[in-house]
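Here are my notes on the model, written as numbered points. Have the coordinates open while you read.

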Amino acid sequence: MIVAKRHIVNLLNVDGEHVHETTATTRIFLADEYQIVRQGLRALLEKETGLEVVGEAASGPEVMRQVQDLAPDIVLLDLGLPDLHGVEAIRQILAASPQVKIIALSIYDDRRFVVNILKAGASGYLLKDCAFEELTKAIRTVQASKTFLSPGLSDIVAQDYIEALRDS
């Protein structure tokens, strides 16, 4: 298993002295069928301190092969990926690489769809109309072993939970 890479950040304290700070780098894998989306995400993410894009793929079989080989910390997974999508993609990725955390990227905010993706094991669910700042917040939240949902989706998931409580 690959552990997060560490690097040294040189900082100056208030007296102008160099201070070294070790930070962990989060290794990210991009899975989206559109090259321009992957390139755009890569360009933005690689400007962020502590984030490194280690690979990308456009199809299900390619994602499976590379995620196993590269052992990223987080997979940003487009749920409409050809050959392997949605719940099945998440199940297969986690079965082969259980240490990986998955953030699902989708245009769908349907309650049943969101809930099924989370039940399959995704650590986050992000709507594709989000701002880049929301994406980086999702990555850092999920890397900290917490769940991230796009704003507005929390209510959808809470309603499903409440219904389940009523039915039990």
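1. Strands count as paired here if DSSP finds at least two bridges between them; the elements themselves are DSSP runs numbered from the N terminus, with helices being H or I of at least four residues and strands E of at least two.

2. Some ground rules before going on. This is a predicted model, in which local features need pLDDT of at least 70 and side-chain atom pairs count only at pLDDT 80 or more, while totals for chains, interfaces and linings use all residues. Residues are numbered from 1 along each chain as its sequence is written, and side-chain values use heavy atoms, leaving out hydrogens and water.

3. Is β4 (residues 74-78) mostly covered or mostly open? Mostly covered: five of its five residues are buried, meaning under 20% relative accessible area with a 1.4 Å probe, protein chains only (over 50% is exposed, in between is partly exposed). I74, L76 and D78 lie on one side, with V75 and L77 on the other.

4. Moving along, β5 and β6 are parallel and share four bridges, and L105 has L126 as its bridge partner in β6. Strand β6 (residues 124-127) is also covered on both faces, with G124 and L126 buried on one side and Y125 and L127 buried on the other. Two bridges then link β6 to β7 (residues 148-149), again parallel, and G124 stands opposite F148.

5. Do check the crossovers. A right-handed one runs clockwise from the first strand over the helix to the second, viewed with the strands pointing away. The β4, α3 (residues 86-96), β5 unit is right-handed, and so is β5, α4, β6. The unit of β6, α5 (residues 132-143) and β7, however, is left-handed.

6. Last, the helix packing. The axes of α4 (residues 111-120) and α6 (residues 153-167) come within 9 Å and cross at roughly 80°; the pair is therefore roughly perpendicular (65 to 115 degrees; under 35 is roughly parallel, over 145 roughly antiparallel, the rest oblique). R111, V114, V115 and L118 of α4 meet L153, I156, V157, D160 and E163 of α6, with contact meaning heavy atoms within 4.5 Å.

Technical notes
Axes fitted to C-alpha atoms, helices over the stretch in contact; angles between N-to-C directions.
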